[in-house]
Amino acid sequence: MANIKFTSVHKSFGSNKIIKDFNLKGKEDEFLVLVGPSGCGKSTLLRMIAGLEKIDEGEIFINDKKINDLHPSKRQTAMVFQSYALYPHMNVFENMSFGLKIEKRPKEEINSKVMQAAKILKIEELLERKPKQLSGGQRQRVAIGRAITRNPKIFLFDEPLSNLDAALRAEMRVEISKLHNQIKTNMIYVTHDQVEAMTLADRIVILNQGNIEQVGTPEEIYNDPDNIFVAQFIGTPRMNILEISEEDIISENTIKLFDNDIKFENLKLKKSKLFIGIRPEHLKTDLKTNFTFKPEIELIENLGNEKIVYMKKDKHQLSAKIPSNINFQNSIGCDLKNLFVFDQNGKRARF
């Protein structure tokens with residue numbers, strides 16, 4: 001069992017500050033996913049844990065032991081890269097056993113650990129093949145197997161599925177999740193893919209320009225976002241954000257939206273610009289909702305079991321996710337409980 005802790009960690013490349021006062025405490029055996037747009041600092045954090053990047057300021061602890069100055073080989077971490085990083089001249093067995101051979105482990109121990117990892121990943125029949133004879137998914141399994149043989153305290157995954165096609169990514173997500181349940185070891189996983197984050201994580205850390213925007217379970221992040229950035233980052237299509245001007249704020253708890261007077265209980269609104277968030281899946285056509293409106297339909301994407309309706313109402317662009325068997329032509333609506341309110345700075349105003 002292991003846990004990781006970051007205390008006031010900073011990292012810059014020249015004048016470009018990548019990580020800004022990063023503080024986070026992990027939990028034992030959890031699957032922690034770092035997610036955010038490109039350039040937000042998530043891979044840099046992973047490399048600092050592994051010892052591949054130097055920390056400018058702050059401290060990182062594994063099981064309360066400071067690792068800032070430890071050599072990468074002494075940190076008891078194992079990293080799985082986006083590019084697989086397999087040795088092309090070695091077969092699968094040799095790739096998976098290479099780290100153990102460098103550590104001069106006994107031959108019996110090496111054979112045992114490689115075979116155990118191969119069995120877990122169902123690649124026993126591939127041990128004599130070279131990487132060029134493997135598919136992308138098989139290569140990634142070998143890369144994960146090489147990490148398993150090290151018996152690390154913490155697994156580090158740096159966008160390991162981004163080179164795979166959509167179907168294989170879905171399959172490998174399931175395999176990685178099963179692996180975590182089976183070996184019960186801490187995993188820290190970096191991705192920009194919100195689907196991977198939502199399906200794999202025990203907790204998600206959402207990063208933006210080196211800062212933590214929110215930490216929580218997938219359910220907390222989806223149902224209770226702290227701000228507009230988080231609300232729009234998680235969910236496909238992303239949340240509709242509607243700007244409400246001062247003149248549309250009728251009282252401290254009532255606004256006008258699409259010719260509807262919407263009253264919020266237990267919420268006091270300031271007479272200043274605010275934003276209303278509506279997830280596309282919360283827009284309904286059955287009209288048994290608190291308010292309705294008639295939009296102008298611009299485009300309908302049919303996805304098989306559902307369709308995405310792109311529409312316009314007044315100055316607002318919106319999208320709705322509805323079942324494919326519904327022929328949407330007229331009005332659409334939303335329940336008050338599914339509205340998110342954000343202040344003029346984009347921070348969540350909670351009921």
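Strand S15 (residues 274-278) is mostly covered, with five of its five residues buried. Buried means under 20% relative accessible area, exposed over 50% and partly exposed in between (1.4 Å probe, protein chains only). Strands (E, at least two residues) and helices (H or I, at least four) are DSSP runs, numbered from the N terminus. This is a predicted model, in which local features need pLDDT of at least 70 and side-chain atom pairs count only at pLDDT 80 or more, while totals for chains, interfaces and linings use all residues. Residues are numbered from 1 along each chain as its sequence is written, and side-chain values use heavy atoms, with hydrogens and water left out.

- S15 runs antiparallel to strand S11 (residues 240-244), joined by five bridges. Two strands pair if DSSP finds at least two bridges between them.
- In that pairing, Asn-240 stands opposite Ile-278 of S15.
- S15 also pairs with strand S21 (residues 339-342), in the antiparallel sense, over four bridges. Here Ile-276 stands opposite Val-341 of S21.

**The S17-S18-S19 sheet**

- Three strands form an open sheet in the order S17-S18-S19, with antiparallel pairing.
- Strand S17 (296-302) and S19 stand at the edges with a single partner strand each, so one side of each has no neighbour in the sheet.
- The twist averages 20 degrees from one strand to the next. Axes are lines fitted to C-alpha atoms, for helices over the stretch in contact, and angles run from 0 to 180 degrees between N-to-C directions.
- Strand S18 (residues 306-313) pairs with S19 over eight bridges, in the antiparallel sense. Lys-312 stands opposite Gln-317 of S19.
- His-316 is found in strand S19 (residues 316-323). His-316 is buried, at a relative accessible area of 10%.
- Leaving aside neighbours within four places in sequence, His-316 is in contact (heavy atoms within 4.5 Å) with Leu-242, Glu-243, Phe-258 and Met-311.

**Nonpolar cores**

- A nonpolar core is a set of buried Ala, Val, Leu, Ile, Met, Phe, Trp, Tyr and Cys residues joined through side-chain atoms within 4.5 Å.
- The largest such core has 46 residues. Val-33, Met-96, Ile-144 and Tyr-189 have the most contacts inside it.
- Helix H3 (residues 107-121) gives the most to this core, with six residues.
- A second, separate core has 27 residues, including Ile-4, Val-9, Phe-22 and Cys-40.
- What does Tyr-189 contact, leaving aside its neighbours within four places in sequence? The partners are Phe-31, Leu-32, Val-33, Leu-34, Phe-157, Pro-160, Leu-161, Ile-176, Glu-196 and Leu-200.

**Salt bridges**

- The structure holds twelve salt bridges. A salt bridge is a side-chain nitrogen of Lys or Arg within 4 Å of a carboxyl oxygen of Asp or Glu.
- Glu-53 forms one with Lys-11, the closest N and O atoms being 3.9 Å apart. Glu-53 lies in the loop between helix H1 (42-50) and strand S4 (57-62), and Lys-11 in strand S1 (residues 4-13), so the pair ties together parts 42 residues apart in sequence. Lys-11 is buried, at 6% relative accessible area.
- Arg-348 forms a salt bridge with Asp-224, with closest N and O atoms 2.8 Å apart. Arg-348 lies in strand S22 (residues 348-349) and Asp-224 in the loop between helix H7 (218-223) and helix H8 (228-233), so this pair ties together parts 124 residues apart in sequence.
- Arg-348 counts as buried at 16% relative accessibility, whereas Asp-224 is partly exposed at 32%.
- Glu-109 forms a salt bridge with Lys-113, the closest N and O atoms being 3.3 Å apart. The two are four residues apart in helix H3, separated by about one helical turn.
- Glu-109 is partly exposed at 26% relative accessibility, while Lys-113 is buried at 19%.
- Glu-109 and Lys-113 also belong to a network of salt bridges that links them with Glu-103, Arg-105 and Arg-150.

**Helix H1**

- H1 is mostly covered, with seven of its nine residues buried. These are Lys-42, Thr-44, Leu-45, Leu-46, Met-48, Ile-49 and Ala-50.
- Just after H1, Gly-51 takes a positive phi of about 90 degrees.
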